[in-house]
Amino acid sequence: MIRSDIIRGHLDSIILRLIMEKDRYGFEISKEISLRTGNKFQIKEATLYAVFQRLEKKELIESYYGSVSKGGKRKYYRITTLGKAFFKETVVEWQETKEIIDLFMEGFN
Amino acid sequence: MNRLTQHVSDLFKDVPESEQKASIMQEVLQNLEEKVWDLMEQGKAEEDAINKAIVEFGDIEDLTKELGVNKSAKPGKSNTKNNTKLNLEYSIWGSVLIIALFVFMNFYYSSHVIWFVYPTFAVLWWPLTMYFRWMKVKGESKN
């Protein structure tokens with residue numbers, strides 16, 4: 001598994017992206033991350049809920065209870081307009097960061 | 001599934017009670033249950049599935065930081081600040097009384113020699129120390 005401290009700083013963006021695609025709930029998000037990365041990166045649930053709290057406090061996402069499924073009510077998250085704007089900004093920022101890091105990481109053997 | 005409920009309440013035992021805590025505990029439990037069902041659908045025994053879900057949940061420290069520590073740290077800090085202010089006031093009043101006593105003794109019993117200055121300097125260390133301690137805590141709480 002990949003070192004998670006490098007990814008950690010971008011967890012907010014990863015989760016915002018997944019919620020932007022459609023409204024999702026906790027387990028769905030952690031499963032989707034494992035699925036898309038082919039299990040190369042798995043998010044710890046504890047971290048996931050911390051991110052939810054943080055994003056909700058910043059009003060980048062909001063939550064609502066879905067219909068009753070197996071066992072109980074799922075808590076879904078949807079992205080806010082502010083969240084979408086924030087995500088767009090982080091995408092630009094990431095592009096620039098990537099270019100800078102690539103300057104030093106590429107072409108070395 | 002009782003083990004999951006138990007585990008979740010263990011995880012959150014240090015978090016101060018609040019509405020937010022209750023709703024997160026419910027959310028965590030709900031999602032853990034879904035994970036267990038999902039693992040069981042993939043052919044795991046219930047026991048294994050629960051173990052795996054619990055292990056993969058990870059360290060709750062980040063989450064408690066978002067939840068509880070912010071709230072409990074602030075009153076704690078202002079408490080120390082109030083204490084140092086109280087200490088400072090106490091030391092000022094205390095030293096003024098002691099110095100006044102020395103001044104009285106000096107002029108009442110031996111007014112031909114001015115000696116009260118020496119104990120006064122010794123006593124002044126007390127409020128000075130408290131003053132700097134107060135300044136230090138004040139500076140820290142600003143950051």
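## Sheet of chain A

Chain A holds an open sheet of 3 strands in the order S1-S3-S2, with antiparallel pairing; two strands pair if DSSP finds at least two bridges between them. Strand S1 (24–25) and strand S2 (61–68) of chain A stand at the edges with a single partner strand each, so one side of each has no neighbour in the sheet. S2(A) and S3(A) run antiparallel and are joined by 6 bridges. Tyr64(A) has Tyr76(A) in S3(A) as its bridge partner. Helices (H or I, at least four residues) and strands (E, at least two) are DSSP runs, numbered from the N terminus.

## Model and confidence

This is a predicted model, in which local features need pLDDT of at least 70 and side-chain atom pairs count only at pLDDT 80 or more, while totals for chains, interfaces and linings use all residues. Residues are numbered from 1 along each chain as its sequence is written, and chains are lettered from A and ligands numbered from 1 in the order in which they are written.

The mean pLDDT (the predictor's confidence in each residue, from 0 to 100) of chain A is 87, and 94% of its residues reach 70 or more. Within chain A, helix H5 (residues 81–105) has the highest confidence, at a mean of 93, and helix H1 (residues 4–8) the lowest, at 79.

## Contact between the chains

In chain A, 16 residues are in contact with 18 residues of chain B; contact requires C-beta atoms, placed from the backbone, within 7 Å. Helix H3 (26–36), helix H4 (45–57) and strand S3 (73–79) of chain A each supply at least two residues of the side that touches chain B. H4(A) gives the most to this side, with 7 residues.

By type, the residues of this side are 5 nonpolar, 5 polar and 6 charged. Here Ala, Val, Leu, Ile, Met, Phe, Trp, Tyr, Cys and Pro count as nonpolar, Asp, Glu, Lys and Arg as charged, and the others, Gly among them, as polar.

## Helix H3 of chain B

Helix H3 (residues 46–57) of chain B has 12 residues. Its buried residues are Ile50(B), Ala53(B) and Phe57(B) (buried: 20 or more other C-beta atoms within 10 Å of the residue's own; exposed: 12 or fewer; partly exposed: in between; C-beta atoms placed from the backbone). These residues cover an arc of only 65 degrees around the axis, which puts them on the same side of H3(B); the arc is that of the directions from the helix axis to the C-beta atoms.

The buried residues of H3(B) pack against H4 of chain A, together with helix H1 (2–11) and helix H2 (19–41) of chain B. Exposed Glu47(B) and Val55(B) are on the face of H3(B) turned away from its buried side. After H3(B) comes Gly58(B), with a positive phi near 90 degrees.

Definitions and conventions
Two residues are in contact if their C-beta atoms, placed from the backbone, lie within 7 Å. The expected span of a helix is 1.5 Å times one less than its number of residues.
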